[in-house]
Amino acid sequence: MELKDAPEVCTPLDLGIAGAQQALDHAKRKISGWDEMALGWVRLLALQQQTMTSEDVRAYAAEKNLPNPPDQRAWGAIMPKAAKAGFIHKARAPLGGDVWVTGKNRQAHGRPVRVWRSALCVQHVTHVSVSV
């Protein structure tokens, strides 16, 4: 859904999804294959840690000196695509509902950020005790 195609009555989440998709489309036009590279970065981080946000993936990409999209909101569209690919899924609260945290990105003004749980990370056992 593009912003121009958004229904007259929609939620902030609907607008956020539309904005993220528009940012992703722009990134794909400016950086060939950016969406596939971004999915790969999500997969690599999902192999390394149990939970993450789009901000965590963005920081990981920056740490590795990987190209940034023209608009950082593109990361918001990558995460659902990574979920469809089976790399991650929405983190769930113990009593149900999605898990959200306050975003650290100053430009986002403390908006909520979804927490995703890895479908790929296996906790490493550092010590096993066996009694005989």
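I started with Asp98 and Arg114, which form a salt bridge with closest N and O atoms 2.6 Å apart. I count a salt bridge when a side-chain nitrogen of Lys or Arg is within 4 Å of a carboxyl oxygen of Asp or Glu. Asp98 lies in the loop between strand E2 (88-90) and strand E3 (100-102) and Arg114 in strand E4, so the pair ties together parts 16 residues apart in sequence. Helices (H or I, at least four residues) and strands (E, at least two) are DSSP runs, numbered from the N terminus.

This is a predicted model: local features need pLDDT of at least 70, side-chain atom pairs count only at pLDDT 80 or more, and totals for chains, interfaces and linings use all residues. Residues are numbered from 1 along each chain as its sequence is written, and side-chain values use heavy atoms, with hydrogens and water left out.

I checked exposure next. Buried means under 20% relative accessible area, exposed over 50%, and partly exposed in between (1.4 Å probe, protein chains only). Arg114 is buried at 13%, while Asp98 is partly exposed at 27%. Arg92 joins Asp98 and Arg114 in a network of salt bridges.

How many salt bridges does the structure hold? I found five. One of them pairs Lys28 with Asp35 at 4.0 Å, N to O. Asp35 is buried at 16%; Lys28 is partly exposed at 35%. Glu63 and Lys64 also pair, at 3.9 Å between the closest N and O atoms.

Then I turned to helix H3 (54-63). Its buried residues include Val57, Arg58 and Tyr60. The buried residues of H3 pack against H2, strand E1 (51-52), H4 and strand E4 (112-114). Leaving out residues up to four places away in sequence, Arg58 touches Gln72, Trp75 and Asn105 (contact: heavy atoms within 4.5 Å).

Just after H3, I noted Asn65 with a positive phi of about 60°. Most residues other than glycine have a negative phi. Asn65 is exposed, at 68% relative accessibility.

Last, I looked at the largest nonpolar core, 25 residues, where Trp34, Met52 and Ile88 touch the most other members. H2 gives the largest share, seven residues. Such a core is a set of buried Ala, Val, Leu, Ile, Met, Phe, Trp, Tyr and Cys residues joined through side-chain atoms within 4.5 Å.
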